Amino acid sequence: MDTAPADGLIAASWLLIALPLAGAAVLLLGGRRTDRWGHLLGTGTVVAAFALGLLCTLQLDGRRVDVDLFTFVSTGSLDVQAGLLFDPLSAVFVLLITGVGALIHVYSIGYMAHDPRRRRFFAYLNLFVAAMLLLVLGDNFVALYVGWEGVGLASYLLIAFWHERPSAATAAKKAFIMNRVGDVGLALAIFLMFAQLGTVSYDGVFGAVGTLAAGTVTAIGLLLLLGACGKSGQFPLQAWLPDAMEGPTPVSALIHAATMVTAGVYLIARSAPIYDQTPTARAVVLAVGALTLMIGAIAGCAQDDIKKVLAYSTVSQIGYMFLAVGLGPVGYVAGLAHLLTHGFFKAGLFLGAGSVMHAMDDEVDMRRFGGLASRMKVTFVTFGLGYLALIGFPFLSGFYTKDAIIEAAFDRGDGWGYLLGGVAILAAGLTAFYMTRLMLMTFFGRPRWEPGVHPHESPTVMTAPMVLLAVGSVLAGFLLVVAFPLESWLTPVFGEPEEAEHVVAPLVVSVLVTVVMALGVLTAWLFVGRREVPVTAPVRVSPVTRAARRALYADAVNESLFMRPGQWLTRALVFFDNRGVDGAVNGLAATLGGSSSRLGRTQTGFVRSYALSMLGGAVVVAGALLAVTAG
Amino acid sequence: MSLTHYLVLAAILFTIGAVGVLVRRNAIVVFMCVELMLNSVNLTLVTFARASGTVDGQVMAFFVMVVAAAEVVVGLAIIMSLFRTRRSASVDDANLLKY
Amino acid sequence: MSDFPYLLTMIAVPAVGAAAVAALPRGREGTARQLALGVSLVVLLLAVLTTIAFDAGGERFQLTTSVSWIPDFGVDFALGVDGIALVMLLLIGVLVPVVVVASWRDEPTGRRSMRAFWAWLLLLESMMVGVFAATDVFLFYVFFEAMLVPMYFLIGSFGGPRRQYAAVKFFLYSLVGGLVMLAAVIGLYVVSANELGEGTFAFDALRQIEIDPGVQKLLFLGFFVAFAIKAPLVPFHTWLPDSGAEAPIGGAVLLVGVLDKVGTFGFIRYCLPLFPDASRDLAPYVLVLAVAGILYAALLAMGQSDMKRLVSYTSIAHFGFIALGIFAFTTEATTGAVLYMVNHGIATGLLFLVVGMLIARGGSRLVGDYGGVATQAPLLAGVFLIAGLASLALPGTNSFVSEFLVLIGSFPTRPVFTVLATVGIVLAALYVLLLYQRTMHGPPRGVLLEPAPETPAGATGAGDGATPATGSGGGATAATATLEAPAAAPARLRVRDLSRRELAVAAPMVAIVIALGFYPQPLIDLIEPAVAATMSDVGADPAGVSPQAPVEGTD
Amino acid sequence: MIEAPAISLAALAPLLFVFGAACVGVLVEAFAPRDVRHPVQVAVALVGTIGGLVTSLLLAGERQVTAGGALAVDGPAVFLQATIAGLGALSLLLFAERSLDPARSAFVAAAAVPAGSPRDRELMTAPRVQTEVYPLTTFAIGGMMLFVAANDLLVMFVALEVLSLPLYLISGLARRRRLLSQEAAVKYFLLGAFASAFFLYGLALVYGATGSIRLSVIREASASEAGGGVLLVLGLALLVVGLMFKASVAPFHAWTPDVYQGAPTPVTAFMAACTKVAAFGAILRLLYVAFGTSEWTWRPLVYGIAIVSMVVGAVLGLTQTDLKRMLAYSSIAHAGFLLTGVLGYGSGADGTGSGLGATMFYLLAYGLTTIGAFAVLTLVRDGDGEATHLSQWAGLARRSPLTAAVMALFLLALAGIPLTSGFTGKFAVFRAAIDDGAWPLVVVALLASAVAAFFYLRVIVLMYFSEPAVDGPTIGVPGLPTTLVLAVTVTATVVLGVVPGAVLDIAERAARFVG
């Protein structure tokens, strides 16, 4: 893993971050003056970043290039350099972020056209892209952390973009707080690295991690996982992600589907040298992934909000990725490949959903959709391709990447491997079910529109990115797995791929997955396609459905375990601080005042009592002196 | 009678004077009790002078008498003015100033 | 040029300025504030020049001047700065002009004159410079106590409705601490007289003497109580919410931004070097207070309904971090703590300022009286958010660097405390975002709401109330009126976005927040030598807590 | 043939000046025509006291015992004599103020007229002034100066009476609120006489124990007898009681609030400043010279009394609503602080501690500040004389910023805030005490200062932060004398706070008893 000095264009890779950052700065500081062309600037910087990223990637040639910028913080034995690491792994992410990011910027020009605050929207999007690029390009954990919280901020700003809506404001806050919980883990992991190794740079940490005690490495691994869970909406911190759909749909597509939420996967993949040392932590990653992918899939089945379905789908799909990277070296590439293809099709799905909402006057309830296939042909086709890719329709991208993960799970060979593989296949069936349900409720059947809604196809500026993403959804899997294998591109990062010994033949897995998927589609058709969809959700439903609607009570648990006790504690402490701590002080003052008036009573005004006090004093003085001299 | 008896007598007189100050209400009487205390001191001084065989103590007693006389002058003046205003020489009546 | 008595000038200029302002005839309010601004800018310039004259790699104390003051007590009027004091002087230099501009249009209650406000403010600046520049313990103490007086008058004369209570509470709390410290100061002198033959208050001489451990503990406690009240650490904190809430915004900024830093500065400058053994022995107890403060005050901040009280409580939590950094005894953490002192002054100062701007608009300090301000005052909301984010130590803001340094530096020596403190960053996010959401987000509501049109159906009447609240342009009044008239009149706020003056207040602070967030190293370079010296005084390795020293050492 | 004792007239010059002026004053009172009496009396008294001040300054460095051993003219004596003479002169200036009261004087025109009688009401507004207060006060000043120089107990007793008797009288001479004034005089007199009796009995016992009343002889006797026997100890106890009464130390303070409140304010100022100096001068001399070798006997006592005094003064002051009464409790607390200085005697029996100089400095600083504070009190008036109730001071800063500022300065000095003389004084005495290992006492003292600070602050809060009452008091425009007093005291309070070096140095160099 030799690091090459920066040269050529790569030396200017800091521009990748600087361009969108400058865009954000200009748009935010420029104020109303930039209203007219702000969106173009915002899009332009990201397109430029994409072009630069592409050129850098082409120049990379399998090297790891370190770009030193300046000393960020250096004191005592802590030395944090602001530096970038451009290697195949970060290159992949740079292309994903800038590529999908550019498409979504273009889409947003249309989507946000009528919003008076469009300029600010682009500023925030640019800010996000810059922070995300910093996250994946930083050459040390502190830089990663800065980017990590930076994207959190951008996510907060964008979820709360329509902040007049209390639900949006609350969702944004919730996202930030739950992310912060994860960030605590990441921060503690960094502290632990520094305490044990004296460095926080990737090179330093990964080079010396082998010298650490197993327990320490496991601790680092688990803490990093906590951070990853927060950012990627994994159990137990998954509850924020569905709520984050309160943000404008392009935000959901870019941040809460394609890029930011996959940062957790990046973190674990990037920290592969650490996880390689700790099977325990990896097992926990696996467990988290498997659990989350089921939670997401189950919850997705019962949602009526089109974006919520997609959000739970995202939760579930990232679960797949966690499962993959939790498997260790055999899974890293599979997980990352799924991450990339997911980036394409999920972004496409979200943009499609946005297009539908655009057409339906911002309606999100699928029970109010129906029969849109004929009205919105482009949207229908692109969305349909994304759908097929997601459920793993053969030879579309999801098929390749999801199968690889399931295969890898089985390849563990032990009972856990079968369990994980089985869970993954089951979830694939559920995925097919809820996505088919979504398709049927949205595009087929009888229109159930609100009166006065006249669906129409979206403008080209919106459909063009959808088409491009649909193409990506179709081809990406094939390209990344078969044509230009990601595996070999990432070899400099993860080492030569081992020749996998398949426990279950890949073909068997593929057939199995496809069959389960078909079953899921069929079931959905039986439930939704055959029958009339009621306009309001049925109330009398099975407990399973109710639990799924409420996402397995994650919010309820959070509220009863943390929020309400926290509120109670806060009230109690306020009372304690006012009455207890401050009360003690004021009480002391009151006591002094009280004793003052009581003592003051002795000052009766009668000269004889004064004389008595003097006489008493004299006796005491004489007695004291005698006592001292005698004793 | 040894000298100690004189000293004890003086101490008793002093105590009587002090108690008198505490228990009597009339300002004049209170003041007289103070005078009694001073005189008990005189007795003590004279006794000690006798004991040491010098006249220092006796001289001191003269000083005390002179001072006591001056005190009477001042004291009576003050008490008189109070009495003339209030038509009462009771020290307990003078308690406007308190707390 | 290095012989120029910068420090003396920095004390004298505002003091003379205060006298000049006070001497102005009644009615010259305008001149008074211009003079105040001018003087404070001169001090800023002096602070910058001092920094230029200061050699980061040179002697510990530089730009020293020393004149015998009270020879009978062995007291010298001795001034000098190390890197720690220097950055505090810079902070003062920056904050005071900002405060002057921020208070430019303040209206005093009753028939008081703002001249007094400016005079006290400048006098306070003089005292604050003195307290950081003193290198004689007695002189330090004198400034430490004398500093109370101007602040007392600022709170008491120009504060909120309960200003009397707050002012007295502030004064008495500080005075009690100060008096306990006085006992320790005298004790220190007596010890020095026994050790050196002649009593002295000179910091450098006192640092050299070995003090009996038992005596050290007592003296340490004397100093500690004063500083813990000043800083304030839980449970000595209850004066701050009252003072912070009742003080005028300018006073609150200086109170929390600078005055309270004297406490943490005192820990570093006096407690650690003078009483190293006691510091080491008692550090665990201090850390308990510090960490308890971080969590306790953060929770309390969430429960506040008064914005200024809320910000005060956040400060208490931040002081917990600073104390943690100081008593972790590592170069990294203590450097972080010093940097935190500067950053907190800027960040919380900004938060106070912007909260003040909001209060100036609504006339209420209650969180519940506001809502949806962001819709109509985006700049105000933006600055509010930046201040809030700096307060929760988001990376990219200045506070992040310091909080990160404190935590990462404390972790190797005090892992348990650090883990608990790190939980505090979640609470910080909670209190900031709760405040922000309640005031800035959501539909417009609260005291700033435009009065509803008298006749709900009478759309014609809406033109009266439709002042161009967003200030989109002078001539647009009629246009907006006609445009809005037919609409169902969604709730609107009677709120103006930031004025030019307010922007002039916020812009430099925001710039510093961001600049120090990304490039803090110049300040660290100033601070570190002094911190390293302190660490070697207290017996910690000034080179930091690098693990596996032999391995690292071979590089 | 009786040999006259050796007398150094030069060394007695200050006393002679003051007593001479007092005698001249009596003659003036008797013979000068009524309309010139006032200026002449003031001039005579001032010449006497200022002459005393100047001559005592000239005596600096003098160390001798004179008048047959009855008087010690040494550093402390000269320093305190100068202090008393100076403070006395300032007090006299307050007495002489004629432009504040509509009746041109704070003193009653005819003390013999019953209060409230028709004649009294008539005289109340008459511009007639009585001038006997000047010789009386001058005698009191002389007595005080004698008190601090007394080298034997009898002289001390005589001086005590010389200073007390005129004070009893002038306490009762207020022009307004005469009932209160008379009551104050009676109380002061009766209790003062009572205390004198104690002192005197102590004198007698000490005489009995040692055969002498000369301080140096007592010192030797107490040293040789290792504790000195019951008589000596009892004698010491009673002497201390008598002196502590004058110094208004708790538990012998009961008279202080009543008398301070009832007496005419200039007299209160005089008592608060000069009596305190004189009493502490005597306490120091008695304890350091006569009982210096048996320091261990009185040390615990002073320790305890100091605590009681500080606590009583500070705590009781909290709830006072009358400014004069509040300052009285402040004076009790300050007596406690002064006692901490007295404790700084020096652990070796040779008295090398810095307590003496510190206490003397404190006395000077406190005296100046307290005179100033009372002087400000005389300015704030309503129709019934001085407006001393706290509520009447609300919003004073708005009516008269200068008055409020001056008062605030004095209050801050009394509270011991740095850069005022009060802080320097406190620092000096506390240092002396800690030097002697009495740090627990100092901690108590500091906490008491914090409590006391509350009531000083309350006045500032009222003056500055409260809205003025509609029918508030008027602020008198002071005439030259009061202005002069205020100028001197303000200057001194600031100078002794900011650059106290020179004066501290003088006090330190003067701090050696002869004997």
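The model described here is a predicted one. The stretch corresponds to a feature recorded in UniProt, where an unreviewed entry places "domain: NADH:quinone oxidoreductase/Mrp antiporter transmembrane" at residues 139–424 of chain A. For chain A as a whole, the secondary structure comes to 25 helices and three strands, and its C-alpha atoms fill a box of roughly 110 × 65 × 60 Å when taken along the principal axes. Of the 631 residues in chain A, 58% are buried. When contacts in chain A between residues at least 6 apart in sequence are considered, 82% of them join residues at least 24 apart.

The contact between chain A and chain D involves 23 residues of chain A and 32 residues of chain D. On the chain A side, the elements that give two or more residues are α24 (554–600) and α25 (607–630), and the largest share, 14 residues, comes from α25(A). By residue type, the side of chain A that touches chain D divides into 13 nonpolar and 10 polar residues, with no charged residue present.

The largest nonpolar core has 747 residues, and those with the most contacts inside it are A:Ile190, A:Leu323, A:Ala424, C:Leu350 and C:Val354. The element that gives the most to this core is helix α18 (residues 439–465) of chain D, with 22 residues, while domain 1 (344–549) and domain 3 (603–631) of chain A each supply at least three residues. For C:Val354, one of the residues with the most contacts inside the core, the neighbours touched, not counting residues up to four places away in sequence, are C:Leu380, C:Val383, C:Phe384, C:Ala387 and C:Ala506.

Chain D also holds an open sheet of three strands, in which the order is β4-β3-β5 and the pairing is antiparallel. Because β4 (385–386) and β5 (474–475) of chain D stand at the edges, each with a single partner strand, one side of each is left without a neighbour in the sheet. Strand β3 (residues 380–382) of chain D pairs with β4(D) in the antiparallel sense over two bridges, and D:Arg381 stands opposite D:Glu386 in β4(D).

How values were computed. Residues numbered from 1 in each chain as written. Chains lettered and ligands numbered in written order. Predicted model: local features only at pLDDT ≥ 70, side-chain atom pairs only at ≥ 80, totals over all residues. Core = buried A, V, L, I, M, F, W, Y, C linked by C-beta atoms within 7 Å. Buried ≥ 20, exposed ≤ 12 C-beta atoms within 10 Å, placed from the backbone. Helix = DSSP H or I, 4+ residues; strand = E, 2+ residues; numbered from the N terminus. Domains from an automatic or database assignment. Contact = placed C-beta atoms within 7 Å. Pairing = 2+ DSSP bridges. UniProt positions renumbered as here; feature names shortened; annotations may be inferred. Nonpolar A, V, L, I, M, F, W, Y, C, P; charged D, E, K, R; others polar.
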